[in-house]
Amino acid sequence: MMDWLEQNWLFIASPLAVFVAFFIISLWLRRILFNSKLLNNVKWDGDQYIRQGIRTPFIHWMLLLGVYVGVHISVLPEAGKELADRVIGTLFTVSLFWVCITVSEKLIRYYLNKLKASPRGVSSVVNFSRVAFIVAGVLVVLDIWGAPTTPIILIIATVVLVTILAARNAILNVFAGFELTRGNLIKPGDYIKLSTGEEGYILYISWTNARIKSLENNVIVIPNSKVTQSTVINYGRPLKKAKEPFKFYTRLHLNELTGIKASNIDELVDGLKTVPDAVIYYHTHHFIEEHHYLVPEPANDFSVWTGDALDDTVLSEKLAGIDTYEFTNINALRMRIIAVIEEYISTKPVLHNAYPGREFHFIKSVGLVMPTAYSAYDLREFVEILRKISLDSLYFHMFESRLRLGKGINDFSIWLKDNLDENDIANSISHLDPYNYTLSGLRSAVIQLIEKRIK
Amino acid sequence: MDINPVKKYAVKIEDYEAIVGKSTIDELRFVADKLKNKIMQNVNSTFSGGGVAEILDHMIPLLNQLGLDARWDVIRGNAEFFEVTKKFHNALHGNDAAISITPEDYSIFNETSRKNIDELNLKGDIFLIHDPQPIALIAKKKEVGGSWIWRCHIDVSNPDRAVWGYLRKYILQYNAAVFSAPNFAQQLPIRQFMISPSIDPVSEKNREISQEIINSVLEKYQLNTDKPIILQVSRFDYLKDPVGVIKAFNIVKKSYDCQLVLAGGTATDDPESTEVIKTTREFADGIPDVHILEIPPKSDIEINALQRAATIVMQKSIKEGFGLTISEALWKSKPVVASAVGGIPLQIKNKLTGLLCHSIEGAAVAVKQLLGNPDYASWLGNNGKEHVRQNFLITRHVKDYLLLCLAIKNAKDVIYL
C-alpha cells in the first residue's frame with residue numbers, strides 16, 4: 001500500500017491540489033465579486049435577491065468544478081469518470097435549480113407585493129414557478145443519466161403553449177404591470193391622461209390592471225397592457241384638495257313667448273317696466289348662447305331693435321353702451337335700460353313706428369338647471385373638467401349664477417376663494433368680462449389662467 | 001348607382017356625438033331620464049310630405065332611444081277635408097283664400113274631426129297636436145287626461161281673424177301652444193313657447209354624400225354641370241312664390257350665365273300643389289335654363305345632391321312657417337338668399353349667415369352679389385353651417401321638447417331638476 005502510494009502520490013496529490021486550489025480561488029472570487037463596487041452600483045431592486053441567493057451556492061459550484069477537474073486529471077478509469085460526471089452534474093443541477101426556486105420566489109413576492117396582488121395570487125404564482133423549475137430540473141437530471149426526455153418535453157411544451165394561449169391577455173397584463181412598477185412610470189396618486197381618452201387620478205395598480213378615478217367620479221379599470229400601449233401624459237402628484245368639491249351644473253333654456261309686443265318706443269318702455277325679470281334677462285343674454293360661435297356680441301335686443309326697426313342709431317348705440325357686466329341683479333339692469341331710453345326721448349322724441357312685422361316681441365327665458373356628472377377637488381381636475389363640460393355649463397356658472405341668481409360673482413371665483421384659498425386666480429377670473437368673449441374664447445381664457453397657476 | 005337605398009340607416013343617438021359633442025348628448029340623456037317611460041303622443045295629418053312629417057319621422061326614434069315612449073299617429077280625412085284645412089292654412093298665413101271659407105267648410109272640418117275623435121285611440125302623458133288639422137282632438141282631453149300642447153308650425157303672425165277666432169276656441173283648451181318664431185305669438189291666456197324646428201344631420205337628406213352621387217343626380221335631371229345652379233327647394237305652393245323666383249332669375253340671367261332649378265314635391269295634405277306646378281310651368285315656358293323638377297316622395301338623397309350641387313340656394317317665400325330647406329342648405333355650407341318672412345330671419349342673420357331680401361329685385365341683387373363674390377358667399381355659407389349646428393339641429397329640437405314637457409307643469413322662471 002505504502003509502496004503504491006509512494007509510486008503514485010502524484011496521481012492522488014494532483015487532483016487534491018486542484019480541488020484545494022479551486023476552493024481557495026472560489027473564496028477569493030466570491031470576495032471580489034460580491035463586494036465589488038460594480039455590483040453595488042446596479043440600480044435594479046431585484047439584484048439583492050440574486051446576490052443573496054447565490055452567495056453560498058457559488059462556493060458549492062466552484063467546489064463541484066474543482067471535483068470535476070480533479071476527477072478528469074486523476075487515474076480513475078473512464079467508467080468511473082463518467083459516473084463521477086453524472087453525479088457532479090446532478091448535484092450541480094439540483095443546486096442551481098434550488099437557487100432558481102428561492103431567488104424567483106423572492107423576486108415574485110417582491111414585485112407582486114408592489115402590485116398589491118392578493119396573497120392567494122402571490123402564492124399561486126410562486127407555486128407555479130416552483131413546479132416549473134422542479135420539472136425543468138428533473139428533465140435535466142434525467143438527461144444527464146441518459147433517460148429519454150423528448151416525449152416528456154413535447155408534452156410539457158404543449159401544455160405550456162395551450163396555457164399561454166388561454167391566458168395570453170392576463171400574461172400580457174402581468175408583464176405590463178411589471179413594466180409599470182419596475183420603471184416607476186406611474187404610481188398611485190398621479191393624475192394621468194391616456195391617448196385613448198381615459199383620465200383621472202390613479203387609485204392603485206394591481207398586477208393585472210390600473211384603477212383610476214375619473215372626472216365623473218367613476219372608478220375606471222384599465223388593463224395594464226392598455227396603459228403601456230397608450231401614450232400616457234402623467235401630470236404628477238395631486239394638487240391641494242378643496243374642502244368642498246366644485247360641482248358642475250348646467251343650464252338649458254326654453255323660450256316662452258309672452259304675447260306682449262311693442263311697435264314704438266313708448267310701448268317698449270311700458271313693456272320694460274312690466275315684464276318679469278326673466279324677459280329682461282332673455283333680451284340681454286340670448287345672443288350669447290345663440291351666436292357665441294361667431295362673434296362676441298355685447299349688444300342687447302333693445303339696442304338692435306331701436307336701430308333696425310325704429311331707425312334710431314343714436315339710441316341704439318346708447319343702449320348698446322350699457323355694460324351688462326356692471327350689474328349684479330336684473331332689476332338694476334332693467335332700470336338702467338329704461339333710464340337710458342327715457343333720458344334720450346326727453347330730449348329727442350322717437351316718433352317712428354316699426355313697420356308691421358318688425359315689432360318687438362317680449363320673450364321670457366325659462367332656465368332649467370341640472371347637475372352634471374362632474375365635480376372637481378383640485379385645480380387639475382377643475383381644468384380638465386372645464387375642457388369637457390358643455391358651453392351651457394360654462395354659461396351657467398359664468399353668467400347665469402352671477403346675474404340671474406344674484407350671486408354678484410361667478411361660481412368659479414367663489415369656489416376658488418372659499419375652498420382653495422386661490423384668491424389671485426379667483427380675482428383674475430372675476431375680472432374677465434365674459435360679455436366680451438365668445439363662450440369658447442371664455443373657456444380658453446379661464447383654462448389658461450388656471451394652467452398658468454398649476455404649471 | 002343606387003341612390004335610393006332601400007335599407008334605411010338606423011340612426012342612434014350616439015351618432016350625433018361627433019356633430020354636437022358628447023356633453024350635449026349627455027345633457028339630453030339627463031333630461032330624458034326625468035321623463036323616463038312617459039308617453040308622448042304626437043298627432044298630425046300625414047306620415048309623409050312636408051316638414052312636420054319629416055321632423056317626426058326622425059325625432060320619434062330618438063325620443064324612444066332616450067327612454068320616452070314617443071308615439072305618432074295621424075288623423076284620417078278625405079280630399080274635401082284637406083281642401084278645407086288647406087284653406088285654413090292659407091287663411092292663417094293671412095292669404096285671401098279665407099274669403100272663400102264657407103259655413104259648409106266648417107261643417108266638413110267638424111264632421112271629420114268628430115270622426116277622428118271617435119276613432120283615434122289616444123293614450124299618453126303629453127300630447128303634441130301638430131297644426132290646425134287635428135286641433136279638435138282636444139275634445140279628448142277630459143277623457144284621456146295628460147298635458148295637451150298645440151304645436152303650430154304655421155306663420156300666424158297675421159292670421160285671418162275669422163279662422164283664427166274659430167280655431168282659438170280649441171287652442172284655449174290646451175295647456176300650452178308652441179310656435180316657431182317670436183312674431184307668431186298671440187294674445188292667449190295659455191302659456192306660449194317658441195321652439196324652432198330642425199333638420200337631422202345624419203338623415204339621407206343631410207348626410208355627406210359622394211361627388212359620384214351628386215353627379216348621377218345632375219345627370220338624371222339633365223342639369224348642366226358647367227353653369228352655376230341657383231336652387232329653390234320647396235313644396236309647389238303659391239306662398240313659396242316660384243314665379244317670383246323665376247322673375248328674379250330673369251334679372252340675374254342678364255349678368256350671369258346660370259341656371260335655375262325649382263325642385264319640390266307634394267304632400268298628401270296639400271291638394272293645391274298640382275295647380276301651382278302647372279302655373280309655374282306655364283310661366284317658365286320659353287325661358288332658357290329653368291328646370292322645374294317634380295321630385296317624387298322619399299327622394300331625400302336627390303334633394304341632398306341638388307342642394308350640394310347648388311351654387312346659391314334661394315327661399316323667396318311670401319309667407320313661411322320656418323323654412324327648413326334653408327337650414328338644410330346652410331348645413332351644406334351653401335350661401336342662401338331668402339325672404340325676411342316667418343321664421344327665416346331666425347336662420348338668416350343678414351350679411352352674417354346669408355342675405356335677406358324683401359322683393360324680387362332685392363333677391364336678384366343678392367344673388368348677383370354672391371355670384372360675383374365667391375369668397376364672400378363661402379364665408380356666409382360656413383357661418384350658416386355653424387349657426388345651424390348651434391340652433392337648428394334635431395338634437396336641439398329634441399332637447400326643447402323634453403324641456404317643454406318638464407316646464408309645462410312648472411311655471412317658475414328657473415327650474416331646478
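## The contact between the chains

Chain B gives 34 residues to the contact and chain A gives 25 residues, two residues being in contact if their C-beta atoms, placed from the backbone, lie within 7 Å. On the side of chain B that touches chain A, helix 16 (394-407) is among the elements that give two or more residues. Helix 16 of chain B gives the most, with 6 residues. That side divides into 17 nonpolar, 11 polar and 6 charged residues. Ala, Val, Leu, Ile, Met, Phe, Trp, Tyr, Cys and Pro count as nonpolar, Asp, Glu, Lys and Arg as charged, and the others, Gly among them, as polar.

This is a predicted model, in which local features need pLDDT of at least 70, side-chain atom pairs count only at pLDDT 80 or more, and totals for chains, interfaces and linings use all residues. Residues are numbered from 1 along each chain as its sequence is written, and chains are lettered from A and ligands numbered from 1 in the order in which they are written.

## Paired strands

Strand 6 (residues 246-262) of chain A and strand 6 of chain B run antiparallel, joined by 3 bridges; two strands pair if DSSP finds at least two bridges between them. L257(A) has Q192(B) as its bridge partner.

## Chain B as a whole

Chain B has 16 helices and 13 strands. These are DSSP runs (helices H or I, at least four residues; strands E, at least two), numbered from the N terminus. The C-alpha trace of chain B spans about 60 × 55 × 40 Å along its principal axes.
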